[in-house]
Amino acid sequence: MRASNVLIPVLVVAIAVAAGVRVSAHRLDEFLQAARIDLRENGVSIDLALTPGADIADAIVATIDRNSNGVVTADEQDAYAQDVLSRLTATLDGARLPLRLRGVSFPTVDDIRQGNGTIRIQLDASHSALRNGQHQLFFSNGHHAGQSAYLANALVPASSRVSVIGQRRTVDQRELTIDYSVGMAQARFASGGLMVGLVAVVMMVRYTRRDGNRS
Amino acid sequence: MRVAAGASLVVFAMFVAVVATLPAQRAAAPSPSASTDATTRIVGAAQKVLSTLDDTRRAKVQFPFDGEQRTRWSNLPTGIFARDGVRLGDLTPPQRTAVMSLLETAFSASGYRKVTEIMRGDDMLLGGAGRGGPRGGGAARGGRGPAFGSDEYYLAFVGPPSVTTPWILQFGGHHLAVNMTFAGARATLAPTLTGAQPATYTIEGRTVRPLGQENDRAFALMASLSPEQQKQAIFPYAVSDLVLGPGQDGRTIQPEGLRVSALSAAQQTALMEIVREWAGIANDAYAAPRMAEIRANLPQTYFGWSGPTSPGSVIYFRIQGPTLVIEYAPQRDIDHIHTIYRDPTNDYGAAFARK
């Protein structure tokens, strides 16, 4: 294997990190946005955790607390969540997947200003049960682009019939593509020995049947 | 006749499958006498702490096992995150000595050293060390700014210390959140957060790196990988923070990276020595069975890396297996590190409650 195959992703990531370097005690001047995506046979849930750094918190609070009374009302929470939602994109197998707001929780304005406030937004998308086989979910987060650090991860699906095949991201994790399959129950973190044994069982059954057909 | 032979082979194959899972189950079992003795000593040390406290502080240090305190912890300093429990800075010298003696009993020698070095590091931060410095700004933000230093660490008992019923020894402050759950002879450290800023400091002429081994062992493992293995291990994207840090209880992310089964025996041993930097914080009586459990699960464990492979670089790495998640995440600077240690099956002793 050529060394460049290893070096290219390393250099790209190093440049991305260096571009944001400014020594600070905590993530003060960035908006940390973490998306955790739960895949099901008939839907997708996305949990967004948004934590503005203390240095940019005033600007974020200004967009949330629109009447500047120091309290984030239910209407203001909903308006902010809808604004975030409008900047997200999700597609399933290439078709747009409408996301629906399922829940919002806000810390106090003081906590946000201190850099200790995480806004949590839960989103859902329902779709008809997927046919057995491979599928692809694309997720893009365009909220507060330019001053944000992103994390995007698929959770291990709760159903053993759904399994993640692979994840591809942009270098900044603003976009995530998840390839996954629906169908035969998959063993997550299954014991290697158990898997070897099960494969052996299948092979033995096949061998027995083939042998039986010959006789 | 052939059908009978085939059926026998099927039964044999199933037997192989079941037997193959046994080492993992056996490895998870603690050494009963050593861990029972350890729990007895730790509960004794906890009760000694309680005996030094007056009624007010005794009430402040104790919480119900099933209450909210169990999951209330953070990497953030006091002033930004309000902790409950007893604050070291509020204790008398004998009380403080009793607390540190409890930690020394509950942790291994290296674990106790790591914890105290993290606390001393925060003293350095209080004094202006660390290239970021103590960026408080509390007054400017309404007088509730961060407070640094070893006085700002808190002890709490979640559930009464007991040799039989479950309880949690919770100790934390800036860059430290130890949640050590005991259930009789068993104990788990998951979830525990360690961090450091400054990551390197000098005290009495000695250079101290509280999380230096984690860093150095990981770079050494990366250096030992073949280009093909490195290609599989390296994430082609930046990871700017912990994915499963505070507030992320109960989540399991899809594992990524290089499957540890692809590593040589020597590389697997090197990986286990990285793991020991977290699992080995606990008293050896609990760390030994935990290490055996993690080793038994190595075939289903993954090692992932983001960033350059040259030592001294800002990198992120993750080790994830069926009962383990470790993340090491410098905060854009090698002098400021956050890490997390979890067991998706046993955070806060959840598995102990099921057995």
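Visitor: Before we start, what does buried mean here?
Guide: Buried means under 20% relative accessible area, with a 1.4 Å probe and protein chains only. Keep in mind that this is a predicted model.

Visitor: Fine. Are A:Asp29 and B:Arg332 buried or exposed?
Guide: A:Asp29 is buried, and B:Arg332 is buried too. Their side chains meet in a salt bridge, 2.9 Å from N to O.

Visitor: Where do the two residues of that pair sit?
Guide: The pair crosses between chains. A:Asp29 is in the loop between helix H1 (3-19) and strand S1 (31-40) of chain A. B:Arg332 is in the loop between strand S13 (324-330) and strand S14 (337-342) of chain B.

Visitor: How many salt bridges does the structure hold over all chains?
Guide: 28.

Visitor: Which residue forms a salt bridge with B:Glu256?
Guide: A:Arg169, with the closest N and O atoms 2.8 Å apart. This pair crosses between chains as well: B:Glu256 is in the loop between helix H7 (227-233) and strand S10 (258-259) of chain B, and A:Arg169 is in strand S9 of chain A. Both residues are buried.

Visitor: And B:Arg290, what does that pair with?
Guide: B:Asp343, in a salt bridge with closest N and O atoms 3.5 Å apart. B:Arg290 lies in helix H9 (residues 284-296) of chain B, and B:Asp343 lies in the loop between S14 and helix H10 (350-354) of chain B, so the pair ties together parts 53 residues apart in sequence. Both partners are buried.

Visitor: Which residues do shared partners join into one network?
Guide: A:Asp47, A:Arg100, A:Arg102, A:Asp124 and B:Arg251, through salt bridges.

Visitor: New topic. What is the strand order in the open sheet of chain A?
Guide: S4-S3-S7-S10-S9, five strands with antiparallel pairing. The edge strands are S4 (95-96) and S9 (162-169) of chain A, and each pairs on one side only.

Visitor: What joins S3 to S4 in chain A?
Guide: Two bridges, with strand S3 (residues 88-92) and S4 of chain A running antiparallel. A:Thr91 stands opposite A:Arg96. A:Leu92 has A:Ala95 as its bridge partner.

Visitor: Which residue in that hairpin takes a positive phi?
Guide: A:Asp93, near 50°. The hairpin of S3(A) and S4(A) has two residues between the strands.

Visitor: How many bridges pair S3 with S7 in chain A?
Guide: Five, in the antiparallel sense, with S7 of chain A spanning residues 133-141.

Visitor: Why is S3(A) largely enclosed?
Guide: Because four of its five residues are buried, S3(A) is largely enclosed by the rest of the structure.

Technical notes:
Residues numbered from 1 in each chain as written. Chains lettered and ligands numbered in written order. Predicted model: local features only at pLDDT ≥ 70, side-chain atom pairs only at ≥ 80, totals over all residues. Heavy atoms only, no water. Pairing = 2+ DSSP bridges. Buried < 20%, exposed > 50% of the residue type's maximum accessible area, 1.4 Å probe, protein only. Salt bridge = Lys/Arg side-chain N within 4 Å of Asp/Glu carboxyl O.
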